[in-house]
Amino acid sequence: MAILVMSGLAATIALLLIVAARRLPGDKQAVVEQLNTLLPQIQCGRCDYPGCRPYAAAILAGEAQINQCPPGGEATIQAIATLLELPRLAPDRSFGIHDALTTAVINEKDCIGCARCLQECPVDAILGARFFTHTVITDECTGCELCIPSCPVDCIRMSMRGAGAPQNQS
Ligand code: SF4
Ligand code: SF4
């Protein structure tokens, strides 16, 4: 009985390995990893993919263009074009402003301390506690904009780094 169970288990593992090997041949996976290292790792999703690595895999699969990463900007487009020996493309601005070093700024007068933005920030760049005003630690903020849709009173704005509070803060 034990031999039967063991050989069944071995057969299942072997089958899984074959499927995995067929799915992502080693060299393709290696290229996806290389592409992923060229991306800014902000995981902001502005490329229309749920993070940098899925975008890297989509580029290699020919499903995405190399100019869809705003935070990566022109330098990332160039690096990917060089790696894949592809023509360099102009940034696709429909995905956002490329190369813009932005940071989130909370209008503290309007903040109601709901703490929703805290949960959205992938790098813990927001400081605050329930029922207290929240603020952004500029040096920690990657400009990913993931916190903006979470704010029920719409008091989070993106500002160019070093520009201080956005002009439109009343
Ligand atoms: S504060 Fe907002 S924009 Fe900045 S890293 Fe956090 S979620 Fe992204
Ligand atoms: S989501 Fe908006 S209102 Fe809520 S704590 Fe954050 S900044 Fe303040």
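The protein has a mean pLDDT of 85, and 86% of its residues reach 70 or more; pLDDT is the predictor's confidence in each residue, from 0 to 100. This is a predicted model, in which local features need pLDDT of at least 70, side-chain atom pairs count only at pLDDT 80 or more, and totals for chains, interfaces and linings use all residues. Residues are numbered from 1 along each chain as its sequence is written, chains are lettered from A and ligands numbered from 1 in the order in which they are written, and side-chain values use heavy atoms, with hydrogens and water left out.

First, the fold. There are 5 helices and 4 strands in the protein. Helices (H or I, at least four residues) and strands (E, at least two) are DSSP runs, numbered from the N terminus. Along the sequence the order is α-α-α-α-β-α-β-β-β. Among these elements, the lowest mean pLDDT, 71, belongs to helix α1 (residues 2-23), and the highest, 96, to strand β3 (residues 135-136). Of the 170 residues in the protein, 33% are buried; buried means under 20% relative accessible area, exposed over 50%, and partly exposed in between, with a 1.4 Å probe and protein chains only.

Now the cavities. Rolling a probe the size of a water molecule over the atoms shows where empty space is left. Here a cavity is a set of points, on a 1 Å grid over the protein atoms alone, where a 1.4 Å probe fits but cannot get out, and its lining residues have an atom within 4 Å of a point. The structure holds 3 cavities of 30 Å³ or more. The largest cavity has a volume of about 100 Å³, where grid points are joined across faces, edges and corners and the volume is the space filled by probe spheres set on the points. Its lining has 16 residues, and nearest the centre are Ala104, Cys121, Cys141, Cys144 and Cys147. By class, that lining has 12 nonpolar, 2 polar and 2 charged residues. Ala, Val, Leu, Ile, Met, Phe, Trp, Tyr, Cys and Pro count as nonpolar, Asp, Glu, Lys and Arg as charged, and the others, Gly among them, as polar.

What sits in the largest cavity? Ligand 1 does, in the sense that more than half of its atoms lie within 2 Å of the grid points. The residues around ligand 1 include Ala104, Cys121, Cys141, Cys144 and Cys147, along with Pro122, Val123 and Glu145; a residue is near a molecule if one of its heavy atoms lies within 4 Å of it. The shell of ligand 1 divides into 8 nonpolar, 2 polar and 1 charged residues.

Ligand 2 has 13 residues around it, with Cys111, Cys114, Ala115, Cys117 and Cys151 coming nearest. Its shell has 11 nonpolar, 2 polar and no charged residues.

Glu85, in the loop between α4 and β1 (102-106), has a positive phi near 50 degrees without being a glycine. Glu85 counts as exposed because its relative accessibility is 72%. Asp154 is in the loop between β3 and β4 (156-160) and, although not a glycine, has a positive phi of about 55 degrees. With a relative accessible area of 44%, Asp154 is partly exposed. Its C-alpha atom is 8.4 Å from that of Asp110, 44 residues apart along the chain. Ala61, in the loop between α3 (52-60) and α4 (73-84), is partly exposed at 49% relative accessible area.

Definitions and conventions
1 Å grid on protein atoms, 1.4 Å probe; cavity = no way out; pocket = protein on both sides within 12 Å on 5 of 7 lines; lining within 4 Å.
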